[in-house]
Amino acid sequence: MYCAKCLLAAADRDAEEPILAGADDCPPCELLSLVGETSRAVTFLGEQTWPVRRLVAFKLFKADGYCPLTHFAETIGIPFSPMITGIVERGRIGERPYAVTPYIGGGPLPQCYDRHRIGLAARIAALIAVADVVAEAHMQAIAHGHLVPANILCDPRAPFGIHIVDIECNAGKCSGST
């Protein structure tokens, strides 16, 4: 285990906006490692111990106040498909919003399928399943702002072994949607 403040400080080194500036709060989970960083957020692997013990993805967004996962959580609260990652918790550390989601550790779909030598027919069926879920999300004014292979992960517990992460609200249509 690593000190949460140390991991946040390590991610802070290259950040344009300091992560820890004015932050007295700690994340709602123990941070285990830095998973990745995008232009919008830094993602850590964490362990939540309450209300259940589980691995989680802790996503800390930029300080501009925009947290797409938080808007998703406020709009529909829970995912409408078992292929979509739900929100476990959300809040702020200093000025930066965060969202906690279940950790899906299977890796991006293409690499997972290559590693397990999944055939073409199964890959096409999976692609159709993803398209169906995304189409249903669009019907409910929920968009995936960045649907790329890195956001479609292997998860043996989900239908077709797939889990879609980083679903967000379409800013123009989310208010009032249920």
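Predicted model: local features only at pLDDT ≥ 70, side-chain atom pairs only at ≥ 80, totals over all residues.
Visitor: Welcome me in with the strands: how many residues does the hairpin between strand 1 and strand 2 use to join them?
Guide: Strand 1 covers residues 30-37 and strand 2 covers residues 41-48. The two pair in the antiparallel sense over 6 bridges. The hairpin that joins strand 1 to strand 2 runs through 3 residues.

Visitor: Which residue in strand 2 is the bridge partner of Ser33?
Guide: Strand 1 and strand 2 pair in the antiparallel sense, and Ser33 takes part in a bridge to strand 2. Its partner there is Leu45.

Visitor: Is Arg96 buried or exposed?
Guide: You can find Arg96 in strand 5, residues 96-102. Its relative accessible area is 5%, and a residue counts as buried under 20%. Because 5% falls under that cut-off, Arg96 is buried.

Visitor: Which residue's backbone oxygen does the side chain of Arg96 reach?
Guide: The side chain of Arg96 comes to 2.8 Å from a backbone oxygen. That oxygen belongs to Phe61.

Visitor: Which element gives the most to the lining of the second largest pocket?
Guide: The second largest pocket has a volume of about 180 Å³. Helix 3 (109-115) and helix 4 (120-139) are the elements that give two or more residues to its lining. With 4 residues, the one that gives the most is helix 4.

Visitor: How many charged residues are in the lining of the second largest pocket?
Guide: Among the lining residues are Leu109, Tyr113, Arg123 and Ile152. By class, the lining has 8 nonpolar and no polar residues. The count of charged residues is 1.

Definitions and conventions
Residues numbered from 1 in each chain as written. Heavy atoms only, no water. Buried < 20%, exposed > 50% of the residue type's maximum accessible area, 1.4 Å probe, protein only. Polar contact = N/O pair within 3.5 Å; in protein donor to acceptor, adjacent residues only side chain to side chain. 1 Å grid on protein atoms, 1.4 Å probe; cavity = no way out; pocket = protein on both sides within 12 Å on 5 of 7 lines; lining within 4 Å. Points joined across faces, edges and corners; volume = space filled by probe spheres on them. Nonpolar A, V, L, I, M, F, W, Y, C, P; charged D, E, K, R; others polar. Pairing = 2+ DSSP bridges.
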